[in-house]
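Please open the structure in a viewer and keep the selection tool at hand.

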Amino acid sequence: MSERERARHWQYAELPGVDLLNARYIRHAFPRHTHDGYVIGAITGGVEEIRLPTGVQRVGPGGVVMINPDVAHTARAGVPEGWAYHVLYPAAAMVDDIAAEVSTSRGTAWFREPVVQDPESVRLIMAVHQAAERGNALAADTVLRQAIARLLRRHGGTIPDRPAPRGAGARTAARAREILEARMAAPPTLASLAAELGTGPFALLRAFRAAYGMPPHAWLTDARVRRARRLLEDGTPPAETAALVGFTDQPHLGRHFTRIVGVPPGAYRRERSNGRRRP
């Protein structure tokens with residue numbers, strides 16, 4: 001990161017299942033990646049440019065970004081001065097529980113719009129961060145639920161009912177994902193993987209991209225970083241983590257981890273350790 005950039009990615013022990021990010025990025029750009037849970041970001045300065053499967057969105061102060069689980073996206077600065085934001089990363093189960101309380105809809109919660117102008121929600125998201133920073137657990141939990149409930153009522157629903165893809169390409173992509181997940185530390189080449197699945201490399205590439213929004217090598221990097229996060233949260237040292245998930249060495253982990261998560265692995269691990277020690 002440049003000297004003018006800053007980022008803190010952390011957890012408040014009294015808000016289990018929620019990650020917090022407070023950052024200003026200028027030159028940093030997030031490659032295509034996904035999240036297991038939701039992304040709810042309040043833009044407080046500059047402009048963020050997000051590329052989603054539905055197209056490019058630009059959002060400035062007063063805007064809220066809402067990205068559903070497993071949606072591939074990128075993010076970068078939309079203006080030379082970059083962008084600043086406060087982000088909540090609630091687990092899918094938490095958002096589903098809140099949705100069940102505040103609406104009559106049943107099923108997996110889903111935000112219909114990825115970007116909205118909603119200054120009041122921005123204020124609430126920032127208030128969650130402020131309460132967590134002060135160690136005010138009651139306020140942090142209360143405002144967190146108010147913010148998510150407000151966004152669900154105004155911009156949410158349940159995931160559209162779409163039949164699961166049943167074609168050979170979808171089945172091949174799913175099997176390829178299983179193999180890559182199982183052999184993360186020593187993955188096959190595209191040609192070897194395709195041969196194992198009884199298809200051609202380009203057919204596999206097309207099927208995988210259609211199913212997961214990115215080619216197998218990009219998905220594998222994203223999956224490695226996700227697993228690295230869990231290992232670091234458990235206290236595994238970065239060098240050991242790098243070897244366990246298949247990165248060449250600690251600097252290799254550091255480059256990809258920082259690009260996707262927004263902070264270096266060492267800082268990420270320290271914050272998790274600090275969070276566990278806080279009452």
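Select R224 and F247: the charged end of R224 sits over the ring of F247, 5.6 Å from its centre. A charge counts as over a ring if NZ of Lys or CZ of Arg is within 6 Å of the ring centre and within 35 degrees of the ring normal. Next select R8, which lies over the face of W10 at 3.9 Å from the ring centre.

The model is predicted: local features need pLDDT of at least 70, side-chain atom pairs count only at pLDDT 80 or more, and totals for chains, interfaces and linings use all residues. Residues are numbered from 1 along each chain as its sequence is written, and side-chain values use heavy atoms, leaving out hydrogens and water.

Now display W83 and Y85, an edge-to-face aromatic pair with 5.5 Å centre to centre and 75 degrees between the planes. Rings of Phe, Tyr and Trp (its six-membered ring) pair if their centres lie within 6.5 Å; planes under 30 degrees apart are stacked, over 60 edge-to-face, and the rest tilted.

Finally, select V64. Leaving aside neighbours within four places in sequence, V64 is in contact (heavy atoms within 4.5 Å) with residues including I40, V59, P114, I125 and L151.
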